[in-house]
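Keep the sequence and the 3D view open as you read.

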Amino acid sequence: MKVLYIFAHPEPKSFNAAMKDTAIAALKGKGHEVKLSDLYAMEFNPVLKASDFTERKNPDLFNAFLEAIKASKTGAFSSDIKEEMEKVEWADLLIFQFPIYFTTMPAIMKGWIDRVLAPGFGFNPITSSAYDTGLLKGKSVMLAFTTGAPKEMYSEGGAHGDIHRHLESVTHCVFEYMGMKVLPSFIVYEASAMKQEKGTEELERYKKRISEL
C-alpha cells in the first residue's frame with residue numbers, strides 16, 4: 001500500500017511528532033511505501049492566491065474555482081501544489097495527523113486542503129464528479145489527532161459537543177465529497193496532561209491501529 005502522511009505540528013519534540021514517527025515506522029515495518037508531507041517543516045504556504053496559477057484563465061478578475069478547473073486541464077498550478085498533487089495521485093491511503101485547534105485542524109492543514117484538493121483535481125461540480133463519482137474515488141483517508149480537553153467534553157452532551165460532528169466538515173464535506181472512503185479516526189484525548197507512561201501506552205495503541213490498516 002502507498003501511504004501519504006500529512007502532518008501538522010510545529011514542534012519536532014512533541015507527542016504529535018512521536019505519533020508521526022511511530023506511525024511511519026509501523027507502516028514501513030509492514031512493507032508499505034510512505035511519503036511524508038510535514039507541513040510546518042516544509043513551511044507550506046496555506047494561503048490560496050492568484051499566483052497559485054502560472055497561467056490565468058482571466059488575468060483581470062481572480063476566480064479561484066475557475067482558475068483551478070482550467071489548471072487541472074493544463075497543469076498550470078504552482079510547483080508546490082503540483083508536488084503535493086502528485087503525492088495524492090500516488091497514494092492509496094492518506095493519513096492526516098494534527099492537534100485539535102478550536103475543534104478542527106490547524107490552519108496550515110486546512111490551507112493544504114484548500115490549495116491541493118482543488119476543483120478539477122478532487123471534485124468537479126461541472127461534470128457532477130462528487131461523492132460516488134468523486135475524482136479521488138478508490139482512495140481511503142484517516143484522521144489521527146490529539147485534543148487538550150478530555151473525552152467527556154468532546155462527546156455528545158459535553159461542553160464542546162461531539163468531535164466527530166465538528167470534523168464532518170472535513171470527513172464528509174471534503175473527503176467523502178471527493179469520493180474517498182473515510183476510515184474511523186484515531187484520537188488521543190487530553191494529550192497535554194498525559195504522564196509519560198500514558199503517552200507510551202497511547203503510542204502503542206496507535207502502532208497497533210496503524211499495523212492493522
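Start by finding T146, which touches F15, N16, M19, F98, P99, I100, V188 and A191, leaving aside residues up to four places away in sequence. Touching, or contact, means having heavy atoms within 4.5 Å. T146 lies in strand β4. T146 is also buried, since its relative accessible area is 4%. Here buried means under 20% relative accessible area, exposed means over 50%, and partly exposed is in between (1.4 Å probe, protein chains only).

A quick word on what you're looking at. This is a predicted model, in which local features need pLDDT of at least 70 and side-chain atom pairs count only at pLDDT 80 or more, while totals for chains, interfaces and linings use all residues. Residues are numbered from 1 along each chain as its sequence is written, and side-chain values use heavy atoms, with hydrogens and water left out.

Now zoom out. The protein has 8 helices and 6 strands. Both are DSSP runs numbered from the N terminus: helices are H or I with at least four residues, strands are E with at least two. Read from the N terminus, the elements go β-α-β-α-α-α-β-α-β-α-α-β-β-α. The radius of gyration is 18 Å, close to the 17 Å that the globule rule gives for 213 residues, so the protein is as compact as a globular protein of that length. (That radius is taken over C-alpha atoms, and the rule is 2.2 Å times the number of residues to the power 0.38.) Along its principal axes, the C-alpha trace spans about 55 × 40 × 35 Å. Of the 213 residues, 48% count as buried. Looking at contacts with a separation of 6 or more, 75% are between residues 24 or more positions apart.

So what sits in the middle of things? Look for the largest nonpolar core, which has 45 residues; F96, W112, L117 and F175 touch the most other members. A nonpolar core is a set of buried Ala, Val, Leu, Ile, Met, Phe, Trp, Tyr and Cys residues joined through side-chain atoms within 4.5 Å. The elements giving two or more residues to this core are β1 (2-7), α3, α4, β3 (93-99), α5, β4 and α7 (168-176). Its largest share, 5 residues, comes from α5. Apart from this core lies another one, of 23 residues, including A17, F186, A191 and I210.

Helix α5 deserves a look of its own. Is α5 mostly covered or mostly uncovered? It is mostly covered, with 7 of its 10 residues buried. The buried ones are I108, M109, G111, W112, I113, R115 and V116. Among the elements covering them are β1, α2, α4, β3 and α7.

F123 is buried, because its relative accessible area is 12%. Setting aside residues up to four places away in sequence, its contacts are F65, L117, A118, S129, L135, Y177 and M178.

On a 1 Å grid over the protein atoms alone, a pocket is an open set of points with protein on both sides within 12 Å along at least five of seven lines, and lining residues have an atom within 4 Å of a point. The largest pocket is lined by A71, S72, G75, F77, K82, M85, E86, E89 and F121. Those residues divide into 4 nonpolar, 2 polar and 3 charged. Both α3 (64-74) and α4 (79-90) supply at least two residues of the lining, and α4 gives the largest share, 4 residues.

Finish with two loop residues. E43, in the loop between α2 (39-42) and α3, has a phi near 55°, a positive value in a residue other than glycine. E43 counts as exposed because its relative accessibility is 71%. E190, in the loop between β6 (186-188) and α8 (196-211), also isn't a glycine, yet has a positive phi of about 55°. With a relative accessible area of 35%, E190 is partly exposed.

How values were computed
On a 1 Å grid over the protein atoms alone, a cavity is a set of points where a 1.4 Å probe fits but cannot get out, and a pocket is an open set with protein on both sides within 12 Å along at least five of seven lines; lining residues have an atom within 4 Å of a point. Ala, Val, Leu, Ile, Met, Phe, Trp, Tyr, Cys and Pro count as nonpolar, Asp, Glu, Lys and Arg as charged, and the others, Gly among them, as polar.
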